[in-house]
Amino acid sequence: MKLITGLLAALSVLATPLRAGDGRQFTRATVEAFERLPVQEGGRVKPLASFARFTLLRAAGTATPRDVDGQKLAASEWLLRLVLFPELARNDAVILVEDSQALVAVGLAVDAHEKRDRWSHADIADALPKLLERAHAAQMIDAGQRSPTESVTMRVAESALLVTRLGRSFDFARGRIPLVDATRVALLHPGRDAISVADVLASAEAMHAIERELASTDNARERGAIASVWRFAAELCGDDDVLAWIPPADSLDSKPDWLTPANLVASARRGEPVANEHVDILRAAEDVAARRTDPARLEAATLRLTGLVEELATRRGENGTVRLEAAYHGLGLLAWATGLYVLSFAACSIGWLRTRSVFFHRAAWTASCAATALLLGAITMRCVIRGRPPVSTLYETVLFVTVCAVLVALFVERVQRQRIHQAIAALVGATGLFLARGYELLDGQDTMPNLVAVLDTNFWLATHVTAITLGYSAGLLAAVLGTAYVLIALVRGGSADAARQSALARSVVGVTYFALCFSVVGTILGGIWANESWGRFWGWDPKENGALLICIAQITLIHARRAGFVRDLGTCAAAAFGGTVVAFSWWGVNLLGVGLHSYGFTSGIQTALWTYYVAQWTVVVLASVVWLRRVSRRKSREDAEAVVSAVGA
Amino acid sequence: MRVIGRRAFRVASSLGLACVLFAFLGVLTWLGTLAQVENGLYDVQRKYFESYVLVHDAGGVPIPLPGANLVLSVLAMNLVLGGFVRIRKTRDTFGVLIAHAGIVLLLVAGFVKHHASDDGRVTLFEGQSASWFESDFRWEVVVSEPQGYGSTRENVVPFDSVAQATSASPVVIELPGLPIAIEVREAHVNARVTSPRDDSGPHIAPSARDPGAGRNFPAVRITIAALDGSAREETILSGMHSTPFTTSIGGRRVQLDLRRERHALPFALTLADFRKVDHPRSNMPRSFESDVVVDGQRAVTISMNEPLREGGVVVYQASWGPQGAGPDARLFSTFAVVRNPADRLPIVACAVIALGLVVHFGRKLARATCVRRVTE
């Protein structure tokens with residue numbers, strides 16, 4: 001336990017960024033405080049670290065962009081830079097343009113950029129109005145009819161607009177509102193010729209009292225002075241829907257929506273009471289903006305701001321897991337696990353070359369176990385953060401499928417001790433986590449989103465979804481094991497270790513049994529859930545059909561083996577084919593775009609999916625080659641024996 | 001004869017037949033899944049999954065295939081003969097027998113659902129009541145005669161029974177107790193009724209059948225004639241018409257309507273309030289809830305995953321509207337209604353199958369690990 005705690009602490013230190021560049025330094029504590037600032041976005045309260053990460057993934061296609069000097073930035077650091085130093089951050093290349101033709105069309109010179117490249121906001125700013133115009137026109141076109149250039153235009157415009165709006169989101173803290181001399185509103189702030197937005201909120205009640213008094217007079221100068229203050233304040237606050245980071249002072253039930261500075265000014269303008277907590281928070285934000293060039297003072301100001309927001313969020317019961325989520329992103333457990341799996345596979349490979357040494361096998365085993373512990377840790381953290389079972393989104397299916405497949409493979413290794421399963425565990429672990437990373441990049445959306453109403457049930461998520469995902473996991477592991485059997489038989493031919501091959505085939509059967517249990521029970525539980533939600537047990541929906549196909553493939557394999565229609569090679573080839581059935585059910589049906597499981601649609605994975613299909617079908621063809629070779633070898637042997645017996649006679 | 005019988009039994013109960021049937025079921029499921037992109041669920045379901053034979057069009061090449069009904073029927077027979085009668089009854093096959101029993105239960109549940117259930121929808125605005133629900137896909141021609149005191153007597157003819165009618169071969173419907181007969185001279189599964197400017201009268205403009213079966217609106221051209229030949233009248237009924245056609249013929253006042261097939265609810269359902277709650281600062285719905293009153297007495301809340309079970313029917317939260325309604329707008333809630341005598345059977349089947357699989361594969365796993373230990 002101490003070892004794990006120590007390891008996590010070490011990982012935390014290594015993973016936490018410290019930035020020094022452009023003459024602006026953020027201390028580690030500043031960035032950490034900023035990372036855990038609670039915000040409400042996408043219907044839930046999350047740390048700013050999550051918002052920054054997924055905003056960047058969407059806009060830049062990476063969570064670690066480079067600044068104008070080519071130095072890597074962590075996501076939160078980039079956002080901190082953007083809100084505090086927008087004049088510098090506008091030169092950071094964070095807008096991914098997948099095809100520069102989209103920018104040629106709006107009159108930008110693209111010579112200095114690759115066809116697919118990241119552009120800075122400054123590069124695009126001049127053409128932004130035209131870009132938005134074109135994006136608006138493209139939006140009017142049906143998604144299926146849009147050209148690739150139109151789609152790119154829309155994405156670039158969206159990213160550029162988001163960067164623009166985020167860059168202005170701290171304008172309220174920097175700007176000052178001029179007061180008209182010798183007016184009653186100026187007398188509320190004696191000795192000052194300009195005030196901040198926080199001052200406006202603090203004096204809102206007094207300003208309303210003055211307005212009420214002025215209502216019956218025709219003092220245009222006084223009325224104009226007050227109106228001008230409100231107008232300036234509203235302009236400084238900008239959009240009211242960019243990022244809500246101020247919790248309401250009321251209870252969660254009465255006011256679930258968090259606020260932006262623009263919301264605060266608007267409600268104060270309407271005469272609604274201003275909470276002291278909100279004035280304090282805005283003053284703290286103004287302090288942050290004022291101290292941006294002094295790292296030590298900035299740290300203190302950021303800590304105070306985050307502390308105030310956390311305090312209010314905690315009072316509403318909404319800050320429970322925000323710090324844990326920030327730590328989840330900061331620790332980077334999945335990245336460490338990926339590295340350890342790669343290391344484990346490398347150790348296995350060396351172990352095969354040096355068969356007499358057990359060191360590499362032990363090292364591989366230890367690395368795989370450590371990686372799996374990290375992966376399980378990450379999944380557990382996600383469960384605690386979300387208050388959900390391990391699988392409730394497509395992204396989480398990838399993590400769960402990976403960890404289950406690795407655990408089953410390691411279990412089989414413990415039982416059979418053939419040293420092949422631990423290599424497969426490492427391979428599956430690394431591949432699964434690379435896929436998870438790829439999906440996260442491709443999707444660019446929060447991986448811990450709120451669930452649509454029909455999925456909002458922990459009972460069915462814990463039973464049906466978990467069972468069916470375990471079925472996917474075991475089905476895919478059986479496919480990998482079957483593939484390994486076929487490839488070994490193909491490469492080693494008659495010299496393959498018969499005992500090891502037989503053990504491998506037995507493990508394919510065992511894992512298929514395991515898969516069948518969970519696939520069948522998971523599929524039926526899915527039907528029962530559908531009956532509870534939609535009123536019918538089975539509706540031949542594509543996702544349901546996919547699950548049924550997995551069951552059919554596995555039942556057919558088990559019955560065919562029982563009947564003696566297939567032996568080891570046939571079983572392994574069928575299991576390899578079964579992998580395509582699982583992939584079709586897991587991802588393929590989502591690409592059809594029809595059915596009731598509309599929350600699972602995704603796009604952009606066709607190439608990866610077809611690559612997998614073709615690879616597995618190739619394995620089946622190779623299995624036929626092995627079979628033909630065996631038949632021919634057996635025939636030659638029988639012919640030779642016939643000749644020998646004829647000569648003997 | 002006995003030899004033939006024994007051989008037939010051996011084939012019918014064989015694992016080989018089971019494998020062939022699984023293969024067909026797999027192919028049908030796969031084809032039926034892909035076909036939904038072009039043809040919609042309803043048509044695909046009828047063609048692939050509720051048929052005994054079908055012809056699959058593989059890029060212009062017709063391929064005859066057994067339908068899922070046939071495959072599942074033969075599979076059920078194979079399961080009973082092979083999985084219960086022929087299988088060796090030993091400790092080793094105990095789990096298999098249990099799992100097979102669970103699958104039989106599941107097939108029974110499917111059979112009962114297919115042959116003895118009704119399903120449909122009822123849409124209620126807040127404050128409205130209904131004691132019936134209507135089918136999503138099936139339509140009916142209704143001839144009703146007011147009986148006084150607000151009651152009516154209805155003669156109902158399923159649309160399917162007149163769907164083939166043409167002016168060359170009309171379908172005549174005799175109505176018991178009424179001195180009139182109806183002749184259906186034209187029927188279309190999906191059509192609009194248009195009224196050209198040349199005063200030629202309304203006529204039916206057939207449309208292609210929509211793959212989303214619930215989006216088809218049928219239309220029929222009918223002639224109503226008094227049985228004594230004293231009067232004759234022609235009209236068009238459309239599923240899009242919200243009010244019935246009313247006429248007086250043969251001395252009787254009758255109403256004709258083409259509407260979705262209706263089924264009685266065993267209670268009156270009143271929608272008191274509907275709520276759609278979104279996650280904060282997003283458009284993603286967090287919950288849909290309808291407060292309803294059953295028979296004017298019992299208040300119940302129906303929400304996603306929390307249906308109402310009452311009097312042999314289950315009422316589910318299905319939809320709502322009008323979409324984009326303002327905060328003070330009067331909302332409606334649509335409920336899916338199912339009457340299925342085997343509603344809870346799949347849960348029992350699932351438990352039985354899970355038990356069987358755990359027993360069977362648990363034994364195998366225990367044996368595999370024991371063998372390893374003994375070998376060591």
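**Notebook: a look through chains A and B**

**Entry 1: A:Asn531.** I opened with A:Asn531, which is buried at a relative accessible area of 5%. Buried here means under 20% relative accessible area, exposed means over 50%, and partly exposed is anything in between, with a 1.4 Å probe and protein chains only. I then noted the ground rules: this is a predicted model, where local features need pLDDT of at least 70, side-chain atom pairs count only at pLDDT 80 or more, and totals for chains, interfaces and linings use all residues. Residues are numbered from 1 along each chain as its sequence is written, chains are lettered from A and ligands numbered from 1 in the order in which they are written, and side-chain values use heavy atoms, with hydrogens and water left out.

A:Asn531 sits in helix H24 of chain A, which covers residues 498-533. Helices (H or I, at least four residues) and strands (E, at least two) are DSSP runs numbered from the N terminus. I asked myself: which residues does A:Asn531 touch, not counting those up to four places away in sequence? I found A:Arg536 and A:Phe537 in chain A, and B:Tyr316 and B:Asp343 in chain B. Contact means heavy atoms within 4.5 Å.

**Entry 2: A:Trp529.** I stayed in helix H24, where A:Trp529 is also found. A:Trp529 counts as buried, with 8% relative accessibility. Leaving aside neighbours within four places in sequence, I saw that A:Trp529 has contacts that include A:Val454, A:Trp460, A:His464 and, from chain B, B:Asn305.

**Entry 3: B:Asn305.** That contact sent me over to chain B. B:Asn305 lies in the loop between strand S15 (298-303) and strand S16 (308-310). Its phi is near 70 degrees, a positive value in a residue other than glycine. Is B:Asn305 buried or exposed? I read a relative accessible area of 9%, so B:Asn305 is buried.

Entry 4: I placed A:Ala182 in the loop between strand S7 (177-178) and helix H11 (184-187) of chain A. A:Ala182 is exposed, at a relative accessible area of 64%. B:Pro322 belongs to the loop between strand S17 (313-321) and strand S18 (332-339).

Entry 5: In helix H18 of chain A (residues 322-331), I found buried residues, among them A:Val322, A:Tyr328 and A:Leu331. Just after this helix, A:Gly332 takes a positive phi of about 60 degrees. In strand S6 (residues 117-120) I picked A:Ser120, which is buried at 4% relative accessible area. Beyond four places in sequence, A:Ser120 is in contact with residues including A:Arg90, A:Asp92 and A:Ile95.

**Entry 6: cysteines.** How many disulfides does the structure hold over all chains? I counted zero. A disulfide is a covalent bond between the sulfur atoms of two cysteines, and the test used here is a pair of cysteine sulfur atoms within 2.5 Å. A:Cys572 is in no disulfide, as the nearest cysteine sulfur, that of B:Cys19, is 17 Å away. A:Cys572 is buried, with a relative accessible area of 0%.

**Entry 7: stepping back.** Chain A has 27 helices and eight strands, and 53% of its 649 residues are buried. Its C-alpha atoms fill a box of roughly 130 × 55 × 55 Å, taken along the principal axes. Of the contacts in chain A with a separation of 6 or more, 71% join residues 24 or more positions apart.

**Entry 8: confidence.** I finished with pLDDT, the predictor's confidence in each residue, from 0 to 100. Chain A has a mean of 90, and 95% of its residues reach 70 or more. Over residues 1-23 of chain A, though, the pLDDT is below 50, and this stretch has 39 contacts in the model beyond near neighbours in sequence. Chain B averages 89, with 97% of its residues scoring at least 70. For the model I wrote down ipTM 0.83 and pTM 0.87.
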